[in-house]
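Subject: Two-chain model, handover

Hi,

Here is the model we talked about. Please look it over before reading my notes below.

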Amino acid sequence: MPTLIIDGKEISVQPGATIMEAARLLGVYIPHFCYHPQLSIAGNCRMCLVEVEKMPRPVVSCAMPVSEGMVVKTDSDMVRKGRQAVMEFLLINHPLDCPVCDQGGECTLQDLAMKYGPDRSRYHEHKRHERDYDLGPLLETEMNRCIHCTRCIRFTDEVAGAPEMGAVYRGDHMQVGPYTSRPLTSELTGNLAELCPVGALNNKPFHFQARGWELKNSDGICAHCAVGCHQRVDHLNNEVKRVMSRRCPEINQTWLCDKGRFAYDGLTRERLQQPMVRSEESNQLVPASWAVALDRAADLLKRFKPEEVAGLASESGQGAEELYAFQEFLRHVVGTPHLDHRLRQRDFSADEVPLTRADLSMNTPLSQLGKADVILLIGFEPRYETPLLNLRLRQATLAGARAFAVHPRQLQHNLANLTQLVVRPGDEVAFLDGLLQELGSSDGHRSALAEAWQKAKQPVLLLGNYAIHHPQAEAIRRCAVALLERVGALSTQWNGFNRVAGRGNAAAAQDLGVVPHRDPGYRRLERHGRNAQQILQGAANGEIRLLLLLGCDPSIEAVDTSLARTALAKSVVIYIGAQQTPAAEMAAVVLPGLANGERPATLTNLEGRAQRSDMAVMGPVQAKEDWRILRSLSDRFAKPLPYNTREALQARMAAADHRYALDGLEAGELSAACDHKPVTAGLPLATVATSKDGLLLVVEPPFFQDDAIARRSTILAQLTLGRSALGTLRINPEDAGKANIGDGQRVRMICGERNVECIASLDANVPAQVVFGDMGQRAALLQDLCDWDGGFPQVSLVGL
Amino acid sequence: MSELQKSSSGVPPRFSEEAMRQVEVIFQRYPADRRESAVMPVLHLAQREFGGWLSQEALDYVATIVGMPPIRVYEVATFYTMYNLKPVGKYHIQVCTNISCWLCDSDSIAQALRNKLQLSFGESSSDGRFTLSEVECLGACINAPMLQINDDYYENLTPAKVSEIIDQLP
């Protein structure tokens, strides 16, 4: 380990480390623009000059490896003169427009110009004029301000895997940009605005909204998917103005995806402002006081037998506190066992088996994913389910890992070495069974996947949204476990089983028992309640009379939305939630809750880390925290909920599941990831299921519209996932040709007696005899064609 | 210089079979996993094939052939001045005005061309026959002043000789 002295302080660092890295370890700040700890070294801004004794010239500290006995000075006369010269050159072409620049006040160039810049310019020639590009709805460009640090180029190339930025021309004609005005296709473009050290690439929705120094900020945890990225929420006058990333090496490094960064503008849209009750005279929802609304809700709850009451919660948008209070309220205050959060799940057969947390979440921590040598994605599109997890997979593939994807269509991906295996919906179990048999046989002829899997030292297998919500989800899960067991990848050293439940806080809903068969802390119940499917079926046929909804709308989210609508119409609905939804409109009592960002909340990520998110802004004046609503409601019953403060509730959660004991953590410390082994192995494998003939419909949740806040965001509504517009039905071009359906044509999709009208779009990523549509589109609700028990619906198309 | 020009024909550029064979020959000069190295000769070939200049479509086409992101091809094509990013005439006349030619009075050569063709540097004639460009040293200083028309060098020039050369072009 070479030892060197920086500004009189001695430090030993790893061989190969640069002077910049050593200085950062020591806490010595060296000014820089192009250096970024997560990107490759460019060494082109020349701002980080330092003096090294016995070297004749100043050296670029970000690119100079340390050597034994170096004596570095970061603030000598030579250094200051060098930096002043560099700064003078940088400012030659930089416009003096700080007063109208979004970056003003938080600009590295501005700050360093204060220290090293000349107070007047010696340059009297024309300044350079550069062209601005239209980079889509998220980035505003002002390329005259660019100082050619190339961070944006390196980011899109190395991290995002969407090489679209570049440096064209050369010398003093060099221009940074995509050189064509095409919106960037990456799902991580917002990072460019954060990465840019000057005001060249700006956050477009934040453009001219506020000045950096006016903003207050609070530490948040992103709840828009289950990765749990750390973010800084900047707000002014009780309004979220922008979201920036916070560094967390274990989870998001320094990045955020566009969904997490830009969903905030949906926070204030379509909010429930005050409690409402359905008036008996007009049959309309009318505003009421909290006391009246709660009394009415309690009356309704008491009117029915406990077994006639059921609860449905949404896992996204709720804090662990809400979920815990919800299940405790239903189980112990009302006394009903019927509650669930799995509105999208089709296969509930796993409820009969004593599964634990290890079986239901990730077992490979995010920070370890990059070390995998073989990656098998089953029904998982990581780029558009959990973008920050995808970055880890991308790092693994760049380091040489082979990746395989078993999916019903071609994935959109940016992995370096991915083999796509398109498997017809319903054939997955047969496919995985075939793979297991290939592994078992000594026959020489093997597929590439079997070959790679057999040789893998550290394989990871990831089950995604499609696999979790598959009609044979449990059979697929058991095959996945068997595959890993076969290669010894379920040990304590390396556990490659990962069930990636990608919706925000899905893990907390499992941990805290918002399921009909388990209490908090994975204690199995003797008597199982009804699951989501049975609750809605019961409500439709009159066995369930009252539905208590916590932030969820079955008429948009459920597998079978037409069943859900019947259920909502036939039962009495009490709606607790933040957003105005069709279910809230059908409710007898509406109790307005708060959304993430408006209250402190505990959010559990897909590794099983519970994390606390702070409050950023205040919600509608009359709205209350959802758990407090349930607490107040329970006062009207014989056994009220036994906590009055959030702390008391959190202590109770911690007692139920030790992973929620977060008070012992020091500031900045994270709770443990994936501390929940082992995976249950040895369960019998299911008999091989095969798919149906004909045209099958697969309904997928659209990533940028997958939760209540994101769905209402106008910024995210402009993003396309790199495919056809939201809400269209994607068809294989050949299938469309045979059926005489053109791109953009209206079609009627028929399944039995049900039918839906939608717009077709031709998509070469879609295989023959399968069509793909988006979940939860109010204009064309494709789940209307789905049936809980029927697997993938067999449909026919008629052009209109 | 500010934006790539699109081809006006609307026909997507495609290499002929003969050109494709040449591409294969070019690829063989480089290791199989370093196919990107072929981008410069393939661009050069594309420029020949597609009328002496490279439209955005042509650059995108080269990107797919070489297997690079389009922006990486734009970077290469804009870095080197011998890739023409605007349409050029049938005869691309490139006058050297670098030091050796300049000392041998390339100014008079340039002036003679401007008068003869009624064009300034960087312009093309309206009939699409000529494009006049000013270029840096083409490595023929021994016979300065010189100019290049398409692939051919013309050396030891005088204003009278220049006029004759232009007239003799088919």
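Predicted model: local features only at pLDDT ≥ 70, side-chain atom pairs only at ≥ 80, totals over all residues.

Residues are numbered from 1 along each chain as its sequence is written, chains are lettered from A and ligands numbered from 1 in the order written, and side-chain values use heavy atoms, with hydrogens and water left out.

**Interface**

Chain A puts 18 residues in contact with 15 of chain B (contact: heavy atoms within 4.5 Å). Together the chains bury about 1,500 Å², 55% of it on carbon and sulfur atoms (buried area: the accessible area, 1.4 Å probe, that two parts lose on being put together, summed over both). A:Tyr169, A:Arg170 and A:Tyr179 supply 41% of what chain A buries against chain B, more than any other three residues.

There is one salt bridge between the chains (a side-chain nitrogen of Lys or Arg within 4 Å of a carboxyl oxygen of Asp or Glu). A:Asp157 pairs with B:Arg72 in a salt bridge, the closest N and O atoms being 2.9 Å apart. On the chain A side, helix H4 (151–159), strand S7 (166–168) and strand S8 (175–177) each give two or more residues (DSSP runs: helices H or I, at least four residues; strands E, at least two; numbered from the N terminus). S7(A) gives the most, three residues.

**Pockets**

The largest pocket has a volume of about 1,500 Å³. A pocket here is an open set of points on a 1 Å grid over the protein atoms alone, where a 1.4 Å probe fits, with protein on both sides within 12 Å along at least five of seven lines; lining residues have an atom within 4 Å of a point. Volume is the space filled by probe spheres set on the points, which are joined across faces, edges and corners.

Of its 42 lining residues, the closest to the centre are B:Thr81, B:Met82, B:Tyr83, B:Asn84 and B:His92. S2(B) brings the largest share of that lining, four residues.

The second largest pocket holds about 850 Å³. It has 34 lining residues, and A:His36, A:Arg151, A:Glu194, A:Leu195 and A:Met244 are the closest to its centre. H5(A) gives the most to this lining, with five residues.

Best wishes
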